[in-house]
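Subject: Structure for your files, with notes

Hello,

Here is the structure I said I would pass on. My notes follow below it.

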Amino acid sequence: MALLEVSHLDVRFALRQGEVRALRDVNFTLERGERLGIVGESGAGKSVAAFSLLNLIAKPGFIAGGSIKFEGKELNSMSERGLRKVRGNRISMIFQDPMMTLNPVLSIGEQMVECLKAHRRISTKEARAIALDKLRQVQIPSPEKRLDQYPHELSGGMRQRIIIAIALLLDPDIIIADEPTTALDVTIQAEIMALLLELCEQHNVGLILITHDLGVVSQVTQRMLVMYAGRVIEQGPTREIINDPQHPYTQGLINALPQMATPGEKLNQIRGSMPSLSNLPSGCAFHPRCDFINRADGQPRPACTQQVPDFVESGNCRVACHMVAEMLEDRRLEGGEPMSAQAETIPTMPTQNEESSESLLQIRGLKKRFSLSGDFLEQLRFKGGKLVRHQEYVHAINGVNLDIKRGEALCVVGESGCGKSTVARTVMGLISPSEGEIRYDGQRIDDLSSKQLLPYRKRMQMIFQNPYASLNPRMTIQQTLEEPLRLHPPDWNRQQILDKVEEVMRSVGIDPDWGKRFGHEFSGGQRQRIAIARALAVDPEFIVADEPISALDVSIQAQVLNLLMDAQRDRNLTYLFITHDLAVVEHFGTRVAVMYLGTVCEIATTATLFAKPRHPYTQALLSAIPRLEDDRPQHIRLSGEVPTPVNLPSGCVFHGRCPHANARCKQEIPALRTQDDGTRVACHAVEEGRL
Amino acid sequence: MWYSFKRDRTAQLCLAVFICLVIAAFSAPLLAPTDPYDLAQIDILASELPPFWIDGADEMYTLGTDAQGRDLLSIILYGTRVSLLIGFGAVALQALLGVTFGLMAGYLGGRVDAFLMRLADIQLSFSTLMVAIVVGAVVKATMGSAFYSQYAVLMLILIIGLAEWPQYARTVRASVLAEKNKEYVDAARVMGLRSRRIMFRHVLPNTLSPIFVISTVQIANAIISEAALSFLGLGMPETHPSLGSLIKAGFDYIQSGSWWITLIPGAVLVVLVLSINLLGDWLRDVMNPRLYKG
């Protein structure tokens with residue numbers, strides 16, 4: 001008997017517009033100690049699946065059918081009291097956002113003791129001892145101290161460790177982890193994932209890992225489910241699915257990953273976006289986006305548009321696809337590799353003339369501090385009987401030098417708080433630098449007034465991270481796109497503006513007839529296209545893109561990246577591309593600058609950086625990317641957490657976490673030095689040949 | 001919005017009551033049986049007649065008459081019109097000042113923000129009463145009290161408008177601060193748009209929902225303020241009565257049994273303010289789904 005057995009689970013939401021089926025016919029089992037991944041893009045129903053396991057679906061949702069058996073007992077029909085005995089005790093959950101999961105007004109110890117006492121009859125003292133033991137298990141530094149701390153005193157990574165400790169408190173049989181590392185940085189994410197994996201193996205705990213990240217799933221789980229629009233479309237052993245996906249959607253999802261494409265070439269994108277659950281297409285929900293809907297004779301397969309596909313067994317996997325069923329029936333399945341995506345071969349981008357040494361943008365000695373101390377009156381402090389002015393700063397950027405050459409895509413990578421977005425915003429003049437200068441095409445632009453800056457606004461544009469916030473919700477798309485054209489150039493007439501708007505809309509693949517609609521009527525990917533269209537409308541030569549794809553789903557990311565690459569090729573654009581995602585950098589960037597705590601620690605061409613990372617931080621960053629490949633590369637563990645930019649460490653800012661740090665690193669700030677292959681590294685260890 | 005309106009019986013009823021009162025008040029010259037401003041129509045001998053359901057009523061005066069012999073129904077209709085005029089006028093003035101200042105304070109920040117908000121704090125520490133006394137005293141001293149009573153409606157709009165604009169300014173500033181950091185504002189700045197255009201074209205439309213919600217509350221408040229001021233004798237003169245001054249006029253006679261002169265205008269005031277407030281509640285729920293009380 002399996003530990004957990006889910007069969008024909010059906011969850012619905014009773015909404016105004018009628019009933020929406022959020023989950024239909026979900027079947028899976030979990031054995032003791034097994035790790036199962038549930039993968040899907042947003043809206044696929046993976047979180048609903050997790051919540052319904054513990055009957056935590058909030059109104060208006062309800063479980064409409066099917067059964068969930070835990071150790072043979074039906075959870076669906078269990079009373080609320082019975083369920084509470086299972087929740088937390090036998091099955092515990094880890095949620096996505098470590099900032100929101102812990103109660104901010106209770107200390108860590110209180111929260112842990114409360115949880116223990118709710119399920120066991122033990123004294124507070126015993127409970128604290130257990131709590132302390134669990135905190136040790138999650139390898140948190142100085143666990144005794146943590147018990148009396150409050151959540152806001154801890155960093156995101158530490159909070160997630162505490163949440164894992166709480167999940168383990170009662171020695172559960174199953175942990176359900178809903179995107180446990182999505183809100184964390186790559187290096188922290190790798191740490192937490194490794195910890196979770198280790199603890200599950202150690203305690204023989206079953207894990208249900210819900211994520212959108214195929215890399216994480218392939219590293220951690222043994223079996224996986226792929227969900228699309230509320231249905232499981234493919235399930236089976238993780239390795240088999242990753243290596244040989246059967247369903248066209250799974251194939252598309254894997255092929256859309258930047259690491260699956262040759263750098264500089266177009267990514268294999270899945271067209272369109274996930275349908276809304278209240279308006280599902282007939283037949284197979286994926287058919288409007290499917291490339292395999294046509295049969296060998298070129299006619300569309302009628303079943304795909306008419307009939308919801310049933311599961312067929314293919315090897316160890318189960319796939320819900322008419323095409324796969326047909327293939328199996330025709331016995332044309334040759335070694336399981338019949339229809340690997342016929343990736344359209346798209347002409348490679350012209351290799352950028354790397355040696356065009358003309359710098360379009362030069363950043364010299366850029367520093368930016370933000371005051372933390374409020375206005376003048378709030379800065380006054382009494383110190384030794386005297387009234388003094390006390391000021392505290394966040395040092396967001398500390399002396400950044402960058403050159404961006406015409407026609408290249410310079411990627412700036414780093415974890416949150418490293419100052420990469422501040423660089424982007426300073427370049428665009430959205431914030432003024434505290435020190436240093438920025439030259440555009442030889443002209444200093446950082447000290448210009450907004451009027452003097454106007455001609456540069458036509459030449460440089462920006463694309464923002466969050467497509468939900470970057471379009472004015474009260475303006476139509478037409479109005480949004482017209483706006484930049486009223487200023488650049490100032491003398492266009494109405495017709496010229498309208499023509500241009502239509503042209504840019506076409507160029508980003510948005511139907512010009514949609515101009516009267518508002519931003520909220522579009523999907524995330526479409527909004528980002530519109531935001532790109534707005535930036536392209538004035539025909540700029542330089543674009544700053546601040547995390548333009550990180551808010552988007554995998555299949556949509558590929559579309560937007562392709563669009564940005566097309567634009568670069570067609571318009572000879574220069575990019576300053578800010579991202580935290582190294583896989584994207586490898587695919588997109590000409591050169592890469594790695595930032596840590598407001599300084600650039602390494603600049604290299606993309607190929608060099610990925611082949612031969614020099615700086616210890618770059619090495620750790622690269623080893624932390626969750627890869628699809630089976631062989632888990634040795635992950636370089638970084639001790640500790642990123643220090644706060646309020647009190648910067650002396651010497652090399654990285655020395656506290658660096659495995660190669662010595663006394664010199666603690667005192668002397670390393671300068672960027674050019675290596676023989678042109679890479680520039682700021683590291684004493686590299687310089688001294690220790691690395 | 002229409003959908004939730006169709007389901008909300010309270011909102012429907014309130015809107016119906018409110019519209020009836022507005023129409024009745026503004027067509028007072030057509031509806032009212034007599035013209036209370038016309039001295040020729042006032043019969044002092046017919047003073048303090050009770051409403052129709054009480055013995056001794058004159059069927060000519062449905063709701064009775066006041067101490068000066070004016071028909072209470074007519075005078076309530078005219079009075080409601082004055083009250084509504086002052087309510088809307090004062091709110092328009094508050095909104096104009098408050099939205100402009102709030103927008104500037106929130107968007108420009110720094111010293112402008114500090115200056116305008118301190119100004120608002122100072123303004124708030126003067127009660128409406130103080131403003132009324134000061135304005136009234138200044139105007140009466142310089143222009144004479146005849147001038148003051150002639151323009152009493154404008155004066156009250158000015159007083160209540162001046163006294164209450166910080167409510168708007170604070171609300172608008174708070175939502176501007178939230179909107180200002182959104183990326184569409186950055187996008188507009190990157191385009192090189194001028195601050196004024198960004199403020200009015202981009203930020204302001206996105207702060208409209210709280211402005212609408214606060215407006216309903218403020219209209220109700222302004223009507224009550226007006227009534228309170230008039231009751232204290234700082235508002236409308238008795239020859240040109242509003243609901244507040246009617247209540248005041250009748251208050252002197254409540255001991256002598258003529259309760260209707262005070263209570264009927266009072267009831268009208270309560271119904272009017274209540275319907276506006278309930279409409280405001282409904283509007284707030286619609287515009288801010290997070291507050292929705294499921």
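Helices (H or I, at least four residues) and strands (E, at least two) are taken as DSSP runs and numbered from the N terminus. Please keep in mind that this is a predicted model.

By that numbering, I578(A) sits in strand 22 of chain A, residues 574-579. Is I578(A) buried or exposed? A residue counts as buried if 20 or more other C-beta atoms lie within 10 Å of its own. I578(A) has 27 other C-beta atoms within 10 Å and is therefore buried. Leaving aside residues up to four places away in sequence, I578(A) touches V412(A), K420(A), S421(A), A424(A), A545(A), D546(A) and E547(A). From I578(A) to A593(A) the separation is 15 residues in sequence and 9.6 Å in space, C-alpha to C-alpha.

Domains of chain A

The domain assignment divides chain A into domain 1 (243-330) and domain 2 (360-606). Taken over C-alpha atoms, the centres of domain 1 and domain 2 of chain A are separated by 36 Å. In the contact between them, 14 residues of domain 1 of chain A meet 15 residues of domain 2 of chain A. On the side of domain 1 of chain A that touches domain 2 of chain A, eight residues are nonpolar, five are polar and one is charged.

Contact between the chains

How many residues does each chain give to the contact? Chain A gives 21 residues and chain B gives 13 residues. On the side of chain A that touches chain B, the elements giving two or more residues are helix 16 (450-459), strand 20 (460-463) and helix 17 (477-487) of chain A. Helix 16 of chain A supplies the largest share of that side, four residues. By class, the side of chain A that touches chain B holds eleven nonpolar, five polar and five charged residues.

Helix 17 of chain A has a set of buried residues: I477(A), T480(A), L481(A), E483(A), P484(A) and L485(A). The buried residues of helix 17 of chain A pack against helix 18 (494-507) and helix 19 (524-536) of chain A, together with helix 9 (183-191) of chain B.

Helix pairs

Helix 19 of chain A also packs with helix 20 of chain A (residues 554-571), their axes 9 Å apart and at an angle of about 15 degrees. An angle under 35 degrees counts as roughly parallel, and helix 19 and helix 20 of chain A are therefore roughly parallel to each other. The crossing of helix 19 and helix 20 of chain A is right-handed. Helix 19 of chain A makes the contact through G524(A), G525(A), Q528(A), R529(A), I532(A) and L536(A), and helix 20 of chain A through I556(A), Q559(A), V560(A), L563(A) and A567(A). By class, the contact of helix 19 with helix 20 of chain A has six nonpolar, four polar and one charged residues.

In chain B, the axes of helix 11 (residues 208-231) and helix 13 (residues 260-287) come within 8 Å and cross at roughly 165 degrees. That makes helix 11 of chain B roughly antiparallel to helix 13 of chain B. The crossing of helix 11 and helix 13 of chain B is left-handed. Among the residues making the contact are F212(B), V213(B) and I223(B) of helix 11 of chain B and L272(B), N277(B) and R284(B) of helix 13 of chain B. The residues of the contact of helix 11 with helix 13 of chain B divide into 15 nonpolar, four polar and one charged.

Regards

Definitions and conventions. Residues are numbered from 1 along each chain as its sequence is written. Chains are lettered from A and ligands numbered from 1 in the order in which they are written. This is a predicted model: local features need pLDDT of at least 70, side-chain atom pairs count only at pLDDT 80 or more; totals for chains, interfaces and linings use all residues. Two residues are in contact if their C-beta atoms, placed from the backbone, lie within 7 Å. Ala, Val, Leu, Ile, Met, Phe, Trp, Tyr, Cys and Pro count as nonpolar, Asp, Glu, Lys and Arg as charged, and the others, Gly among them, as polar. Axes are lines fitted to C-alpha atoms, for helices over the stretch in contact, and angles run from 0 to 180 degrees between N-to-C directions. Angles under 35 degrees count as roughly parallel, over 145 as roughly antiparallel, 65 to 115 as roughly perpendicular and the rest as oblique. A crossing is left-handed if the near helix is turned anticlockwise from the far one by less than a right angle, and right-handed if clockwise. Domain bounds come from an automatic or database domain assignment. A residue is buried if 20 or more other C-beta atoms lie within 10 Å of its own, exposed if 12 or fewer, and partly exposed in between; C-beta atoms are placed from the backbone.
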